[in-house]
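Hi everyone, thanks for making time today. Let me put the sequence and the structure up, and then I'll walk you through a few parts of the fold.

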Amino acid sequence: MTLYVAREASKLWRKISLESSVETQLFFEKWKLILAGLIFQYIHGLAARGVHYLHRPGPILQDIGFLAFPWSFHPFFFNSKRIYTVLVWIRVLAYLVACQILRIITFFSTQLPGPNYHCREGSELARLPHPDSIFEVLLINFPSGAIYGCGDLIFSSHMIFTLVFVLTYQKYGSKRLVKQMAWLIAVTQSLLIVASRKHYSVDVVVAWYTVNLVVFFLDKKLPEMPDRTSSAPILPLITKEKDRKSKEEHHRLLNVNGNDIADRIACERAFR
């Protein structure tokens, strides 16, 4: 028994070491893309904070979802690993950035009175006073600023995050039960967002089809991820492609040099 445990522990450690080595190599190749995606999360938060300064409370729009939910509450190393974690995160961040850019454009283009209770007339949080300095805006008052934001409507940021991860796991995940639970959570969250008056029903509906469209079109543009069919990690196709091109270039140069030598010998023989 002790021998079996030691052997399995050794195999697991080798697998973790090999996986970590490959993922680390990928990270150092792609770190700029990941950093750009993370920085944009701050930019999105900054934009949501900025639109709160523009928010003006007014009559709440009629919403069938509010009538349907007349209650309120506050709204989260496998052996069968088939994909590279770093490459998945690059795709996830690309989806998020594209959706968030669309969201920023829409809520700055049209300001609507927020439906949440703290966004209504008479609430001290409904309108932000003019900032005393640029640093007050840049700090975005996290997390209070995110919880009590107003004006960042049109479609829901909560649904953007949820749907991006659900759609990504739907494509690259392997556990059917997890996929079913993920979709159930997404539907449940949609209902909770409306019930808590966090967004209008239209914001949730728009998020559902916008995120799906963004993921669909970006998948057409992004290179297909290598599918790992063996149990041991393999080097990414990008690295293999680089090695192949280097070898081809090396052989081409050798052939060119060989041809030059042959031509030179032929010319010398011709003039003798």
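Reading along the sequence, you get the pattern α-α-α-α-α-α-α-α-α. In total the chain has 9 helices and 0 strands; helices here are DSSP runs of H or I with at least four residues, strands are E runs of at least two, and both are numbered from the N terminus.

A word on where this comes from: it is a predicted model, where local features need pLDDT of at least 70 and side-chain atom pairs count only at pLDDT 80 or more, while totals for chains, interfaces and linings use all residues. Residues are numbered from 1 along each chain as its sequence is written, and side-chain values use heavy atoms, with hydrogens and water left out.

Of the 272 residues in the chain, 37% count as buried. Buried means under 20% relative accessible area, exposed means over 50%, and partly exposed is in between, with a 1.4 Å probe and protein chains only.

Let's go inside. The largest nonpolar core has 45 residues, and Ile-160, Val-164 and Val-211 touch the most other members. By nonpolar core I mean a set of buried Ala, Val, Leu, Ile, Met, Phe, Trp, Tyr and Cys residues joined through side-chain atoms within 4.5 Å. Two or more residues of this core come from each of helix H1 (2-54), H3, helix H6 (157-172), helix H7 (176-195) and helix H8 (201-221). H3 gives the most, with 12 residues. The core also draws at least three residues from each of domain 1 (1-55) and domain 2 (82-110 + 154-225), with bounds from an automatic or database domain assignment.

So who are the neighbours of Ile-160? Leaving out residues up to four places away in sequence, Ile-160 touches Leu-96, Cys-99, Arg-103, Phe-155 and Val-211; contact means heavy atoms within 4.5 Å. Among those neighbours, Cys-99 is buried, at 0% relative accessible area.

Ile-160 is one of the buried residues of H6, a list that also includes Met-159, Leu-163 and Val-164. At the start of H6, a side-chain oxygen of Ser-156 comes to within 3.2 Å of the backbone nitrogen of His-158.

Over on H8, the buried residues include Val-204, Val-211 and Val-215. The buried residues of H8 pack against helix H2 (64-68), H3, H6 and H7.

The partners are Cys-119 and Cys-150, with sulfur atoms 2.0 Å apart. Cys-119 sits in the loop between H3 and H4, and Cys-150 in the loop between helix H5 (144-147) and H6, so the pair ties together parts that are 31 residues apart in sequence. The torsion about their S-S bond is about -90°, so this disulfide is left-handed. Both cysteines, Cys-119 and Cys-150, are buried.

Tyr-117 and Lys-198 are 81 residues apart in sequence, yet 8.7 Å apart in space, C-alpha to C-alpha.

How values were computed:
A disulfide is a pair of cysteine sulfur atoms within 2.5 Å. A polar contact is a pair of N or O atoms within 3.5 Å; within protein, one must be able to donate a hydrogen and the other to accept it, and residues adjacent in sequence count only if both atoms are side-chain atoms.
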